[in-house]
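Please keep the display open while I talk.

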Amino acid sequence: MSIALTNAAVPTLTRTDKVRVMVVDDSVVIRGMISRWIGAEPDMEVVASLRTGLDAVNQLERINPDVAVLDIEMPELDGISALPQLLAKKRDLVIIMASTLTRRNAEISLKALSLGASDYIPKPESTREATAAETFRHDLIQKIRHLGAKARRGTAHTTSSPPLAPGHDRLRTAAPGAPAAAVAAAPIVRRAFGLLPPKVLLIGSSTGGPQALMTLVGEIGSVIDRFPVLITQHMPPTFTTILAEHLARASKRPAHEAIDGESIRPGQIYLAPGGRHMRIARRGIDATIALDDGPPVNFCKPAVDPMFTSAIDVWQGSIMSVILTGMGSDGMRGGKDIVAAGGSVIAQDEATSVVWGMPGAAANAGICAAVLPLNQIAPKLVRVFSGDRA
């Protein structure tokens with residue numbers, strides 16, 4: 001099955017503006033495979049294919065890449081040791097950590113994010129399996145494209161989000177054939193918060209999400225104590241197990257991978273397990289977790305939209321949802337449904353997002369009651385769950 005690798009939200013780069021990629025992996029097979037994939041894309045090129053982290057550190061200034069795909073386990077200097085040395089030499093280097101799906105590598109990948117890596121990607125156990133290799137290719141190319149294009153434009157963490165304009169149900173659109181910039185320049189339409197008091201907090205995130213989630217849950221303890229919090233982060237199995245442990249430590253509240261059929265209670269953080277969609281169902285008077293092994297949604301499994309839309313049958317309009325940093329548009333359609341039911345959506349702003357794909361799609365659709373920097377989302381949630389819906 002062929003998966004399209006283009007994305008209209010990413011500006012087309014000219015031939016001289018190709019994203020420069022350095023591939024660092026001790027496996028000649030993996031280096032060759034990744035190099036072929038990148039070489040087939042018109043907007044990126046491989047400028048170096050290296051075997052060790054030491055080679056990468058020593059040759060970085062000469063190669064001057066925009067993006068480094070960095071393996072974790074390598075001789076001489078492993079990926080987690082090379083990471084700070086690479087960033088010390090080039091602060092704006094985009095580093096994507098690559099590792100197999102082991103608990104140790106998942107822990108190291110999350111540590112790498114806290115040390116400055118931009119993202120991570122799990123390598124399939126065997127590249128001979130067509131589906132696994134195709135998923136790996138799709139995800140890697142998209143990460144390089146989005147993160148690399150942003151690095152080339154020099155906008156990482158420096159751009160300001162467009163201003164908010166009051167209004168209801170007015171979409172930001174450009175005339176047919178107008179460039180994407182015409183849409184981006186228009187003000188974002190903000191709608192009022194829902195009138196019903198929220199009974200649950202739903203959060204969706206992807207690229208850059210783990211660090212954003214850790215920050216957010218650490219500041220909303222009073223909300224977690226009184227209401228259930230459900231999170232879908234685009235992440236594979238094993239990684240979500242580790243993330244749940246990190247969220248528990250950051251929030252000082254119980255957090256775990258959701259279990260099919262369990263009741264949803266206040267004081268708990270439920271994380272969608274990697275490889276399964278997390279939906280909400282009603283059993284008697286209880287709201288319960290319903291894990292779904294269906295096909296990917298928006299190329300993701302778990303995906304945010306199934307969580308958002310299924311919650312409406314249980315809580316109707318008493319839903320507060322948050323869309324954090326991430327590629328693509330997952331969460332936007334579900335967010336529309338939540339707003340139509342009377343609930344509310346908050347999106348992270350562009351300046352603090354690693355990638356303003358998911359929150360940007362929601363903001364551009366005119367469904368957000370607020371578009372805020374990450375450090376302002378928690379205080380806003382505390383106020384909203386305390387009755388302030390201004």
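Predicted model: local features only at pLDDT ≥ 70, side-chain atom pairs only at ≥ 80, totals over all residues.

Cys368 counts as buried, at 1% relative accessibility, where buried means under 20% relative accessible area, exposed means over 50%, and partly exposed is what falls in between, computed with a 1.4 Å probe on protein chains only. Cys300 is buried too, with a relative accessible area of 15%. A disulfide is a covalent bond between the sulfur atoms of two cysteines; the criterion applied here is a pair of cysteine sulfur atoms within 2.5 Å, and by that rule the count is zero disulfides.

Residues are numbered from 1 along each chain as its sequence is written, and side-chain values use heavy atoms, with hydrogens and water left out.

As for the chain overall, it has 13 helices and 16 strands, these being DSSP runs numbered from the N terminus, with helices as H or I of at least four residues and strands as E of at least two. Buried residues make up 56% of the 390 residues in the protein chain. Of the contacts with a separation of 6 or more, 74% are between residues 24 or more positions apart, contact meaning heavy atoms within 4.5 Å.

Let me stay with the loops for a moment. Another residue other than glycine with a positive phi, here near 50 degrees, is Asn64, which is found in the loop between helix 2 and strand 3 (67–71) and is partly exposed at 40%. Pro254, in the loop between helix 9 (239–251) and strand 10, is partly exposed with a relative accessible area of 42%. Leaving aside residues up to four places away in sequence, Pro254 touches Gly267, Gln268 and Ile269, and its C-alpha atom is separated by 7.2 Å from that of Gly267, 13 residues apart along the chain.

Now to the sheets, where two strands are taken to pair if DSSP finds at least two bridges between them. Seven strands form an open sheet with parallel pairing, in the order 10-11-9-8-14-15-16. Its edge strands are strand 10 (255–257) and strand 16 (370–372), each pairing on one side only, and the twist averages 20 degrees from one strand to the next. Within this sheet, strand 14 (residues 319–323) and strand 15 (residues 344–348) pair in the parallel sense over four bridges, with Ile323 standing opposite Ala347 of strand 15. Helix 7 (residues 209–217) packs on the sheet, touching strand 8 (200–205), strand 9 (229–233), strand 11 (269–271) and strand 15, and its direction makes about 165 degrees with that of strand 9; such angles run from 0 to 180 degrees between N-to-C directions, the axes being lines fitted to C-alpha atoms, for helices over the stretch in contact. Helix 10 (residues 304–315) lies across strand 8, strand 9 and strand 14, running at about 165 degrees to strand 8.

There is also an open sheet of five strands, ordered 2-1-3-4-5 and with parallel pairing. Strand 2 (44–50) and strand 5 (119–123) stand at its edges, each with a single partner strand, so one side of each is left without a neighbour in the sheet. Six bridges join strand 1 (residues 19–24) to strand 2, and Val19 has Met44 as its bridge partner in strand 2. Helix 3 packs on this sheet, touching strand 3 and strand 4 (94–100), with its direction at about 180 degrees to that of strand 4.

Lastly, what is the crossing angle of helix 2 (residues 53–63) and helix 3 (residues 79–89)? Their axes come within 10 Å and cross at roughly 0 degrees.
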